[in-house]
Amino acid sequence: MKELDNKNTLSPYLIVFLLSLLILVIEGSLLGVIFTRFNMPDLLLVLVTCLAFLWGEKKGIVLGLLTGLLQDLFFGPALGFFALAKMVVAYLAGITAREVYKDQLAGPMLVVFMATFVHEFIIFFLRLIFWGSSGDLFYLMDVLFLPKAVYHLMLTIPIYSLLYHFDQKGYFFSK
Amino acid sequence: MDQSARKFFIFLSLIILLLSAIHFTGDYRSRYTFAEDLLLAGLSPVQGFFSQVGWRTYRFFEVIMDHNRLIEEKKMLQKELAARDNLHYQLVELQKENYRLREMLDFKERVSYELLPAQVIARDPSQWFETITINKGYADGVEKDMAIVTSEGLVGNVAKVSRHSSQVLLLTDSRRAVSALIQRTREPGAVGIVEGFPEEKGYLRMVNIPPEANLQPGDTVISAGLGGVFPKGLIIGHLLETGPDQYGLLQQATIRPVVDFNRLEEVFIVIELMPGRQSDNEDEMP
């Protein structure tokens, strides 16, 4: 992880850390009150997947761990729960990005759509392993996985466009 | 070892490390570490602020959208309040009589409770865990497993405590179960287990009810107080439908909880008082 030693690389992680804090606080309080009866999109997952897609699997792992641990701290049943799910998703998104053009939206949209299913499946199995029950998988796919994946697919358009723009301008890592 | 193999090895090691972290920090942990505590303490007022903004926004739109319904509801509540006032005086008389009779019979004091009000400042947005965060922590005397209630009934219990906030596990979370009985019969042998109902969001399920238990739709379900976490007699909900379980040996029932878990704004933490130490309210009683 040579990039991590470079002093230019410190600020992007700090930016993502602060952005994740803001997302978690707003999702849990403000949006949590207004949209209680609806499925809430996981903005953190979209952010991490898009950034891992742009930056590759190595930085993706760090991002997944960092944001997942923060989510664990606020809402997780144990430390490592969301961190594991987000780290795996970011790693896979980073690997996939090698084969896909980054300047077209279709690639990240498809990756975020698939990443949502992988993320939710990991949470489902972790719950099953550690707490013995997770609910009916087909029911959850219908009411939770699919609606979330569709929300995320749509959210990827503005979020990825913005992140791609900032990345190209060198706001995260100097080009 | 080439670079991609090394990367994959690090990735696998991290997975094992995180699985161990989940195992060791799961249900056994009641407090946070110092660093976590510091971060949560700093952000708890921010969460409280955003939560209040959320509630104000929700109420603003509620007034606009449901104007006519709210006027009707206000009229109905005014009538109900007048009827409740009457009931309240009767209850105060009965309570005084109960105190006198208990003194005459030299009954031991029952365990009493003090209610500490708390504001709900966050809710798990992932939909995987039915948890809320409240703005009271161990600095306010909150401890793990304390029961959480509203004026309607039982909400859940404290799962983790930080300095100025606590995570509360709601009754609807499938990781928890509460022993319960039917208020109408109060049969000691007819205790069932109330748990979350993942397939019916917002409802609860009562299982392991003995086949001879007398159940009727509409019956009120209360906590049995057997697990040592929840005090006996807290209202959980009303029976909707009953029937045999999947093996046909025991009964099960669907419960409509009295608490709307989606609209929790303020709750009370039940702090158990030792016999002999009564709360301020009870001191006022003759």
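Reply: H5(A) and H6(A) pass each other in a right-handed crossing (right-handed if the near helix is turned clockwise from the far one by less than a right angle, left-handed if anticlockwise). The model is predicted, and local features need pLDDT of at least 70, side-chain atom pairs count only at pLDDT 80 or more, and totals for chains, interfaces and linings use all residues. Residues are numbered from 1 along each chain as its sequence is written, while chains are lettered from A and ligands numbered from 1 in the order in which they are written.

Helix H5 covers residues 57–75 of chain A and helix H6 covers residues 81–97 of chain A (helices are DSSP runs of H or I with at least four residues, strands are runs of E with at least two, and both are numbered from the N terminus). Their axes come within 7 Å and cross at roughly 160° (axes are lines fitted to C-alpha atoms, for helices over the stretch in contact, and angles run from 0 to 180 degrees between N-to-C directions). H5(A) is therefore roughly antiparallel to H6(A) (over 145 degrees; under 35 counts as roughly parallel, 65 to 115 as roughly perpendicular and the rest as oblique). The residues of this contact comprise 15 nonpolar, six polar and three charged (Ala, Val, Leu, Ile, Met, Phe, Trp, Tyr, Cys and Pro are nonpolar, Asp, Glu, Lys and Arg are charged, and the others, Gly among them, are polar).

H5(A) also packs with helix H4 (residues 43–55) of chain A: the two axes come within 8 Å and cross at roughly 165°. H4(A) and H5(A) are therefore roughly antiparallel as well, and the crossing is right-handed. H4(A) contributes Leu44(A), Val48(A), Leu51(A), Ala52(A) and Trp55(A) to the contact (two residues are in contact if their C-beta atoms, placed from the backbone, lie within 7 Å). From H5(A) come Glu57(A), Lys59(A), Gly60(A), Leu63(A), Gly64(A), Thr67(A) and Gln71(A). By class, the contact of H4(A) with H5(A) holds six nonpolar, four polar and two charged residues.

Now the second chain. In the interface, 38 residues of chain A are in contact with 38 residues of chain B. On the chain A side, two or more residues each are given by helix H2 (10–28), helix H3 (30–34), H5, H6, helix H7 (106–131) and helix H8 (137–168). That side divides into 24 nonpolar, eight polar and six charged residues.

Chain B has four helices and 12 strands. Its C-alpha trace spans about 85 × 50 × 50 Å along the principal axes. Among the contacts in chain B with a separation of 6 or more, 59% join residues 24 or more positions apart.

Six strands of chain B close into a barrel in the order E6-E7-E8-E11-E10-E9, with antiparallel pairing (two strands pair if DSSP finds at least two bridges between them). Neighbouring strands are turned by 40° against each other on average, direction ignored.

Strand E11 (residues 251–257) of chain B has Gln251(B), Ala253(B), Ile255(B) and Pro257(B) on its covered face, and Gln252(B), Thr254(B) and Arg256(B) on its uncovered face. Four bridges join E11(B) to strand E8 (residues 204–209) of chain B, and Ile209(B) has Gln251(B) as its bridge partner. Strand E10 (residues 235–244) of chain B is joined to E11(B) by seven bridges, also antiparallel. Here Glu241(B) stands opposite Thr254(B), and His238(B) is the bridge partner of Arg256(B). E10(B) and E11(B) form a hairpin with six residues between them, and Gly248(B) in the turn has a positive phi of about 75°.

Two backbone entries remain. Most residues other than glycine have a negative phi. Gln127(B), in the loop between strand E1 (112–123) and strand E2 (131–134) of chain B, has a positive phi of about 70°. Gln127(B) is partly exposed, with 19 other C-beta atoms within 10 Å. Asp145(B), in the loop between E2 and strand E3 (147–149) of chain B, has a positive phi near 80°. Asp145(B) is partly exposed, with 14 other C-beta atoms within 10 Å.

Note on methods:
Buried ≥ 20, exposed ≤ 12 C-beta atoms within 10 Å, placed from the backbone.
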